[in-house]
Amino acid sequence: MLRAGVAGTEADSAAPAQAPDDVRADQQRLRLFAYLSAREHRTYLAIMRLFTSTLLADLSIGEVTAALAAAEREGRIDPGESDVDTVVERLKQLRSWGNLVLGRRETIAASIAEFQHGSVRYQVSKLAVRVQRDIDALLRVPEGAREVSRELLPAIERGLGEIGSALSAALTAEHREPGSKRARQTRERLAEHVTTVFLQHAELAATVRDFYAYLGEIVTRHHLAPDEISGFRNLLVEYIQMVVEDVLRHTETIAGSLAGLAGARGELLRLLGPADQLGTDVERARGRTSADWQELTDWFVDAPGRPSQVAALREATARAIGSLLASVKRATSGGGLLPGRRGELLKLARWFDEAEPHEAHRLYAAAFGLHSARHLLPAPDYDSDNHDVPWRDGPVQDVVVSVRSRGDRGARGRTSRVLDDPMTEETLLAEAREEDARRGRAVAELAAAGGSLAETRLSGEALDVLCELLTLAMAQRDSADDPGTALDPVHRLRVTVRPEPGTHTRIRSSAGALTLNDAVLDVRGDGAIPAEATR
């Protein structure tokens, strides 16, 4: 069945390719990570940590060399990396990648050699500081689960209420005393609440993402020991349930506060305008653009065709609990994973690890019933076994689940036959063609009505198509004051709804009447199927 798509403006219907300048800028920024995959990455990490350890670090080659010499003595970098010529090469390479920039040129030196080593100074670039900060944070992250910051939910709820109060106070002060000290203080208090809320939400969202990423790694494991199953059961049934309950308890209030602030978002962003001292080309704090507020709203509030992160959290929790129950069933049922089999294989692996070479051969023969081969005939043209490669270094053989769990290679169940039913196939194709034809007639009826929908009595199918496109058009609006557009790309029919106070649009049909209050409906298109769609 053909479905209508959603389109914005004409310029949005065909997104242009990324500009070459943007591609080059992205490639230049990605080069900031190049030192992580270099062979001398330990030296590069030591240099970048030296530059990012203090504010406004401006270091010469000699200062970097002295710091690397201490790191070399402690074994944190390879021997010889603190040599002056090597340090010069490393610094030049970091500058070519964009991590370092040239610093100030003034130098006080007691000798020519000291001047040569101190005349060139380096500073770290802004983006390189952020890259190194993220790298150090990643290296400090433990492998276990990350605790979800549930305590931030009531803080966000209170913060949004305080933003509403601070916004009202700021607007009142600006109206009564524009440019006064009190007006400036209310704006600063408003900015304080906005920054606090967005920082709290960023921390909450990060902890939720990290926790569910860890959870995804756990629930996909096929082998779980009994103690692991017990631990993960407590983690899922108790901790996740507590997290989801907290999120759901505060979501309704947070959604109501965001809906109340949506109408005054323009005034809010105007009061949070950029500081005159910084200019306009600056990286603003979160909460200073409409996109930031829309992202915050989408995290808590569902929209047609765009579920929120709260809904995704509920769905992920249900999937995780289902996966854990399946693991428990495999581990406890007779036809699933036998707990003793895993222990036996681990014990055999330990025996191989502790055995001498001659004992390992006897153990191999006893465990697998295989002995060394004695070839009495010439070797075949192709032999996949390579006697020069030890078995531990050879290719890994995938073992199917049935062999791992039951030691049985027999197939379970029966493969279903693929039935060729031409009559059913033709029936389904005929139904699809009839459904497409009915939709085409309904779209053609709407296109013929055009701007005279109020005087035309539509059929029930035409009203269904109109309601479908109207729903998609309304889903594109961020507020009730914005227009919305939806397009049926196959039949080239566009429906646009625009707010217009005091106007009532009534559309009559054989299935009933549709009335739109304070809105104008515009339907345009020829209703024809393009030639390429019929081929």
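**Strand pairing, a buried serine and aromatic pairs**

The structure is a predicted model. Strand β6 covers residues 493-509 and strand β7 covers residues 512-525. The two run antiparallel and are joined by 13 bridges. Two residues lie between them, and the strands form a hairpin. Strands of a sheet pair through backbone hydrogen bonds, in either a parallel or an antiparallel manner.

S509 belongs to strand β6. Its relative accessibility is 4%, which is under the 20% limit, so S509 counts as buried. The side chain of S509 reaches the backbone oxygen of G512 at 2.7 Å. Leaving aside residues up to four places away in sequence, S509 touches R457, L458, S459 and L463. L463 is 46 residues from S509 along the chain.

Another sheet is built from three strands. The sheet is open, and its order is β1-β3-β2. The pairing is antiparallel. Strands β1 (59-60) and β2 (100-102) stand at the edges. Each has a single partner strand, so one side of each is left without a neighbour in the sheet. Strand β3 comprises residues 121-124, and three bridges join β2 to β3. V101 has Q123 of β3 as its bridge partner. Helix α5, residues 84-97, packs on this sheet. The helix touches β2 and β3. The direction of α5 makes about 100° with that of β2.

Aromatic pairs were then considered. A pair of aromatic rings is described by the distance of the centres and the angle of the planes. The search of the whole structure finds four such pairs. One of them joins F198 and W293 in an edge-to-face arrangement. The centres are 5.0 Å apart, with 85° between the planes. F198 lies in helix α9 (residues 181-219), whereas W293 lies in helix α12 (residues 290-300). The pair therefore ties together parts that are 95 residues apart in sequence. F198 counts as buried because its relative accessibility is 1%. W293 is also buried, with a relative accessible area of 2%.

F211 and Y212 form another of these aromatic pairs. This pair is edge-to-face as well, at 5.5 Å centre to centre and 85° between the planes. F211 has 2% relative accessibility and therefore counts as buried. Y212 has 15% relative accessibility, and this value is under 20%, so Y212 counts as buried.

The mean pLDDT is 78. Of the residues, 76% reach 70 or more. Confidence is highest in helix α3 (residues 41-52), at a mean of 92. Confidence is lowest in helix α1 (residues 10-13), at a mean of 39. Over residues 1-16 the pLDDT is below 50. Beyond near neighbours in sequence, residues 1-16 have 30 contacts in the model. Residues 334-340 likewise have pLDDT below 50. For residues 334-340 the model shows 11 contacts beyond near neighbours in sequence.

Methods:
Residues numbered from 1 in each chain as written. Predicted model: local features only at pLDDT ≥ 70, side-chain atom pairs only at ≥ 80, totals over all residues. Heavy atoms only, no water. Pairing = 2+ DSSP bridges. Helix = DSSP H or I, 4+ residues; strand = E, 2+ residues; numbered from the N terminus. Contact = heavy atoms within 4.5 Å. Axes fitted to C-alpha atoms, helices over the stretch in contact; angles between N-to-C directions. Buried < 20%, exposed > 50% of the residue type's maximum accessible area, 1.4 Å probe, protein only. Polar contact = N/O pair within 3.5 Å; in protein donor to acceptor, adjacent residues only side chain to side chain. pLDDT = per-residue confidence, 0-100. Phe/Tyr/Trp six-rings, centres within 6.5 Å; stacked < 30°, edge-to-face > 60°.
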